[in-house]
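Here are my notes on this one, in the order I would look at things. Keep the structure open while you read.

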Amino acid sequence: MAEPTIGIDLGTTYSAVATMVEGRPQLILNRGGGRLTPSMVGFLPDGERVVGERARALVEHSPESVAFAAKRFIGRKWTPEIAADAKEVVPYPVVAGPQGECRIKIAGRVVPVTQISAMILGELKLDAEAYFGRHVSHAVITVPANFDDGQRAATKEAARIAGLEVMRIINEPTAAAVAYGLDKNFTGRALVFDLGGGTFDVSILEIKDGVYEVRATGGDAHLGGEDFDNRIVQWLIAQVPEPFREAVAKDRLSLQKLKIAAEKAKRELTDAVEAYLSIQGIGDHGEVPRLTDLETALTRQFFEILSRPLSERCLAVCEQVMAEAKLDPQSMDAVLLVGGMTRVPLVQQLVADFFGKEPVPGLNPDEVVALGAAVHADEVMQQSGRALLIDVAAHSLGVGVLGGKVKRLINKNTSVPCSAREIFLPGQHGQSHVRIPIYQGDSDYQDENRKLGEVSLQHINAVDRSQAPIEVVFELGTDGMLSVRATDLKSGTTEALRIEARNTELSPQEEQKLTRDQAKYAEQQSLNDAERQKQLFERMLEKSEKLVRMLDQSANENPSEEARAAVASVRTLVDLGRAALKANNLQQIAEVRNRLSRLVR
Ligand code: AMP
């Protein structure tokens, strides 16, 4: 049997992994039985690492030991602005690493962001391996459409550390469109409205003959579910009795408790019209604790009043992205919802009103990205070649010129592959060589862009600068690689550069060490998992045997072809399962377990 492939949605707040089962994408439950895994990593006092739900549980008692939302910092160069920005959105400090990359300070240690992401990917890999009962090493991983080369490369690095070979990195909106079934049979324009835990992303896709072209992207990196939670937190603080209020507003542990309660209430209000909140032990957690409790209720109606401005901000972003692409709400043929926050009834209603159409129904918005990635992974493995993914340049590309400015050659949102050509003159008369720095970014100023590299032309003869034209050609490929060619038109001398994304955040030694650590951890986990899986399977077989006896009895009482077939298929699986247990064949145990759970579901 071919090696299984998986699709991974590595989200800011939650991550998910999916695979193809009988021709359809299906989410793989994590080993705790959950559909989604919190994108959280923590360290216990003895150094043991905890990931996902266990890390989330740790937040409540020891928030300084847990990292979350690492995706905000992956593949980004550390700057004072990023550190200041981080203060607004996460409780842990973000510091500079040896290569100028971002690192996260938790539990008294400084952890590379790629390691945090690697731990999450590693956990999803283990979940997939428990599901298949065998090694899984190939995955399609999704990233936001506006991730730049550095962020994509760092995501790949995280995957390498986790022991995963990345078949493709694909854009989240494209994966969503694939999952929603906008494929060969759909021609038109889809707007993907992705409101997650911490960020809001909008993408407009043009879909034709199974080709997905990202026409435009935009978003707000500071708008997401947490802002909705924070509105509830502020409302809660206002209700704390006066003598405790100030202490609660300053106390980290109390705020954390309020936040957890607020998020829970927000989720409840998706289905209920009222949610009850009961928060114990908030106040001053100092040496002499002064604590109180808070009991209150929040109606959906009031939550909507609190949060409406945030939902409206999302629509303003949509308007802006459409305006940049010279499109209007009526020109969207389909609206796709992605991200857990789009379950909120007010968000759904505002989106439907704004676009004048109901969003495409049928899937859980927080699962679609992983499902689409699984479909794509399967296609790549089968080499069906159906999904030719065409993108746009997510950022402008240009050349640094005098005055610290950038002359743009390729504009943001231009469809790739594309090329551009421009003639430059040396800055001064008599110059004998020129340096041509290449920048990626949307600002007119070099300082505010990312420098990708530099081309140098030697031995130019610029006695009169106007007589020494230099031609610069940019070619951007579908793989996101930029080729730059500079030619001294007078002499014909050419220098070329192919700009690979920085493909490492870490030194090779550090990457190797982290990869080894991760492999060791995974091996230990796999051993524990295998034992647990066998015990669970034993119980499942016992239940199935009982079921066979019941089915057998009812087939005897009411004989029918179908009843007999049902007994036979469960019995065959039980026999297979017993044999697999005896032979300690983990793969076969997993196969039988998965088939049995589908049969008796
Ligand atoms: P994502 O990063 O896409 O997984 O989004 C997670 C965000 O969706 C978090 O802010 C969650 O609180 C929110 N969320 C998940 N499920 C629900 C729900 N049923 N109702 C309201 N919000 C939800």
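1. Start at the ligand. It is surrounded by 14 residues, and the closest are Thr13, Glu263, Lys266, Thr270 and Met341; a residue is near a molecule if one of its heavy atoms lies within 4 Å of it. Bear in mind that this is a predicted model, where local features need pLDDT of at least 70 and side-chain atom pairs count only at pLDDT 80 or more, while totals for chains, interfaces and linings use all residues. Residues are numbered from 1 along each chain as its sequence is written, and side-chain values use heavy atoms, with hydrogens and water left out.

2. Who makes up that shell? By class, three residues are nonpolar, seven polar and four charged. Here Ala, Val, Leu, Ile, Met, Phe, Trp, Tyr, Cys and Pro count as nonpolar, Asp, Glu, Lys and Arg as charged, and the others, Gly among them, as polar. Helix H8 (residues 252–271) gives the most to the shell, with four residues. Helices (H or I, at least four residues) and strands (E, at least two) are DSSP runs, numbered from the N terminus.

3. Now the polar contacts, meaning pairs of N or O atoms within 3.5 Å. A polar side-chain atom of threonine 270 sits 2.5 Å from a nitrogen atom of the ligand. On the backbone side, an N or O atom of methionine 341 is 3.1 Å from a ligand oxygen, and a polar backbone atom of glycine 197 is 3.2 Å from an oxygen atom of the ligand. The protein covers 90% of the 500 Å² of accessible area that the ligand has on its own (Shrake-Rupley method, 1.4 Å probe).

4. Next, have a look at an open sheet of three strands in the order S6-S5-S7, with antiparallel pairing; two strands pair if DSSP finds at least two bridges between them. Strands S6 (49–51) and S7 (66–68) are the edges, each pairing on one side only. Three bridges join S5 (residues 40–43) to S6, and valine 41 stands opposite valine 51 in S6.

5. Which helix packs on this sheet, touching S5, S6 and S7? That is H1 (residues 53–61), whose direction makes about 65° with that of S5. Contact means heavy atoms within 4.5 Å, and angles run from 0 to 180 degrees between N-to-C directions, with axes fitted to C-alpha atoms, for helices over the stretch in contact. H3 (residues 113–132) also lies across S5, S6 and S7, at about 105° to S5.

6. Another open sheet has three strands in the order S8-S9-S10, again antiparallel. S8 (94–96) and S10 (109–112) each have a single partner strand, so one side of each is left without a neighbour in the sheet. Four bridges pair S9 (residues 102–106) with S10, and isoleucine 106 stands opposite arginine 109. H3 lies across S9 and S10 too, running at about 70° to S10.

Technical notes: Polar contact = N/O pair within 3.5 Å; in protein donor to acceptor, adjacent residues only side chain to side chain.
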